[in-house]
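Subject: Structure handover

Hi,

Here is the structure for you to look over. My notes follow below it.

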Amino acid sequence: MSAVAKVARRGFLLASAAVTGGVAFGVWAVRNPHANPLAAQAEDGEAVFNPWVTVTAQGITLIAPHADKGQGVFSTQAALIAEEMDLAWGDFDVSFGMPSPAYWNRALGSGAAPFLSRDHGSLPTLMRGVMTAAFKMLGGMGTGGSSSMPDSFIKLRAAGASARETLKRAAAKVHGVRVADLRTENSHVILPSGDAIPYTALAEAAADLPPVGEVALRDQSEWKLLGHDMLRLDIPPKSTGTLTYGIDVSVPGMKYAAVRTNPRQFGALRGYDASRAEAMRGVDRVVAVTGGVAVVADNTWRAFQALDAIDFDWGPASYPAEQADHWREVAASFTEERFDQQYLDLGDVDAASIEGPTVDLEYRAGYVGHQPLEPLKAIVEVTDTGATVWAGHQLPTFLLQQVANTLEMEPDQVTFYNQFMGGSFGHRLEFGFVKQAAEIANQMKGVPVKLTYTREEDFAHDFPRQITMARTRGVVSDGQVKSLDLSIASVSAVSSQGARIGFSIPGPDSEIVAGAWSQPYGLENFRVRAYRVPELAPTSSWRSVGASSSGFFADCSMDELLILAGQDPLEGRLAAMNYQPYRRVLERVGEMSNWGSKLGPEQGRGVSFVESFGVPVAMVVEVSNTPAGIRIDRVFTALDVGPVVDPVNFENLVQGGVVWGLGHAMNSEITYADGMAEQSNFNQHEAMRLYQCPEIMVSAVDNGSSIRGVGEPPVPAAPPALGNAIFDATGIRVRELPMNKHVDFL
Amino acid sequence: MKLTVNEQARDIDVEPDMPLLWVLRDELGVTGPKYGCGIAQGGACTVHVDGKAVRSCVLPVGSVTGKVTTIEGLGTPENLHATQEAWIEHQVAQCGYCQAGQIMAAADFISRVPDPTDEQIDRAMSANLCRCGTYPRIRAAVKTAAAKVREG
């Protein structure tokens, strides 16, 4: 059977992975204070040790608890286990598993500690440990911050290795041979005679053995699967329309719902008249939800139509109604009262002894929507004893709590089946849509309700990326950048997000300066300070979070100063860089792009360097200034994520990150008028279309660094490389996102 | 009302202005075509009517007279269409939500333009939005699919 057919043949277990007559393996459970969720489902006589691998006589199931938004982690988690377990690729089922504190994310906590990722000093190390322990106590299961690989890289391989060694012991016992004489391949234990025993045939014997712990992991040089081209498990079903996304889930007896709440976010509903809607074909009922109304019908489109037939009287927004007032508030935030934190202070930027003319620059980046192509949706069924939820979500254990709060029950009364997502980009970190579905279902107990947002509702209630500005003061003299003083004022997306679920996040928000204070330049005088703008429109983490805007501010500022100093933008950055592994990334992109080579008369190129989630990313963009507008011709990017586990997926994700970064930098913004987002569909917030897409060359630099995720890091380097290239081609310096306010694009 | 979907005759009882997309998804349980924007701006809902790519989110079912083919009817995991084969070889999908529509648009395109230039591909495929940014792979897969069709 072809590999494609084999992969396509396997079922994906989207419900629970029941263990019957088998065994679950692993070593991490030993040190894990949280109960193993698979153990709860085990029957008498079954041994269950670990939450990631089960083997029964019927088959092998791997649990991939990190949510798949399109980044391919469903497949990559399976590959980590399969590598050590010697599984034939695709010869197993994979499940997202059930929400459980056992799946707490080891990497999210340490990533939240406010230290440079390249700082391995004692305080950062201690604080990362404290943050990690806090996340463990919380039992925080989540996907975000490009943390899936750092979280999974060791523990999933260890689970696979433990399973392999325990299966070998079972084979030794059953067949009367020595463990040392056994090897494993293609989901089989190979006996000294050459006979191959399927793992599944050893499940029962393995169930009687204690799992083998502390197995040494294979060196990268021994990998057979990881680091080599492999077929992502979800590719065949996604290419044949056979993958079930959250929006495709069907539950017997299900009704279809749509919702409308005040487009002035969190504003009041003063009143409404639903009499016309209630009389429309297929409408089951119209019910109230917090801040709005839902229609329940027998078809999603009929629910959409009925919503349009309701007259609403909406109250005002809690934030300034007009966009200009949002900008005014940001601009007024560079004050002592709103000072949040100082992150970097080399030399003394205020010293009168710095000779040379000063340059003052102002940069800004507006709100941007997330808008994954699959709109927000959730199915909820409420009964007298509990609730069941089917949805795609990045924070499963938190979702249980949020739904329980909404329904005034306990989290253990809520069952959640996570689903494949049609993108997220941070959108499915929010809980509003799930709580709304729960509110509707609570008014019709026993009936599962599928809530689907219209695209327009999704735009109206997107909590966009932060609005932010930077003020740069630089001093250039004697052909050198003498001083760079960068002040960034921003609303805090992280605290806006936290407040919506009752979390008050103490202290400064280091995301305000992400991608800026991590600039590895040993300038004589270099300062980075953050100012906190009070909450305006609600905002949320947007793919790469703070670095998506502050990386643009910092890198373009550096570019301007280097050019003023008469330096080559690439050579100048290299000369100022004080961290060798990052210099290698920048050197690589210089080689790839043949930096310095002659371009056409209307062409230009720009380079950028931004770190994001511990990943150094260097990028070169080449553009042409055509009569029809700026055309982006080619992009070269080099980055260091440590070992690359799936090279094809790696390239795809990096290219996607570049397209995301460039596309939104070109043309996408959410603006408010009369308290409402002025953009309501993709024709007004388009990002990149295929004809605008450049060739994108990708290179992984391996400095022997520890593993990092790649979902977000390519994004922040793209806007500054584009801005720097546009300057090179046209002489126009664009200091605002989106850039189409200042230049036209093809 | 009668509708032929993936070679099967189906009876439906809906108002004629209901878009084909919602008939397929909510009335017939054919979920390969996706809801993305509802105003023909994204293309995730693309299906074929008599082999021609159409936006099912804005096409009233009452106006459909031909045979409807969705991604599920184009080819199956056991019997892939050349376009699907190419999409798998190039591992195009990330979230994959737009890809059913991309594949349906591409299959129609290469049936009409069997040896497309880069410019023709750009023009034909730019109405299909991909938020994940898989465009470089879509371009490559369209070329591979066209070559497969040409070579039979």
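Start with the strand pairing: Gly292(A) in β13(A) is the bridge partner of Thr261(A). This is a predicted model, in which local features need pLDDT of at least 70, side-chain atom pairs count only at pLDDT 80 or more, and totals for chains, interfaces and linings use all residues. Residues are numbered from 1 along each chain as its sequence is written, while chains are lettered from A and ligands numbered from 1 in the order in which they are written.

**Strand β13(A)**

Helices (H or I, at least four residues) and strands (E, at least two) are DSSP runs, numbered from the N terminus. Strands pair if DSSP finds at least two bridges between them. β10 (residues 255-261) of chain A pairs with β13(A) in the antiparallel sense, over six bridges. β12 (residues 283-289) of chain A also runs antiparallel to β13(A), joined by six bridges. There, Arg285(A) has Val296(A) as its bridge partner. β12(A) and β13(A) make a hairpin with two residues between them, and Gly291(A) in the turn has a positive phi of about 75°.

β13 (residues 292-297) is mostly covered, with six of its six residues buried. Buried means 20 or more other C-beta atoms within 10 Å of the residue's own, with C-beta atoms placed from the backbone. Gly292(A), Ala294(A) and Val296(A) point one way; Val293(A), Val295(A) and Ala297(A) point the other way. In a regular strand the side chains alternate between the two faces of the sheet.

**Helix α12(A)**

Just after α12(A), Glu408(A) takes a positive phi of about 55°.

**Chain B against chain A**

Contact means C-beta atoms, placed from the backbone, within 7 Å. By that test, 51 residues of chain B touch 52 residues of chain A. The largest share of chain B's side, four residues, comes from α6(B). That side divides into 23 nonpolar (Ala, Val, Leu, Ile, Met, Phe, Trp, Tyr, Cys and Pro), ten charged (Asp, Glu, Lys and Arg) and 18 polar residues (the others, Gly among them).

**Inside chain B**

An automatic or database assignment sets the domain bounds. Chain B has domain 1 (2-72) and domain 2 (82-150). Their C-alpha centres lie 21 Å apart. The contact takes 14 residues from domain 1 and twelve from domain 2.

Best wishes

Notes. Two residues are in contact if their C-beta atoms, placed from the backbone, lie within 7 Å. A residue is buried if 20 or more other C-beta atoms lie within 10 Å of its own, exposed if 12 or fewer, and partly exposed in between; C-beta atoms are placed from the backbone.
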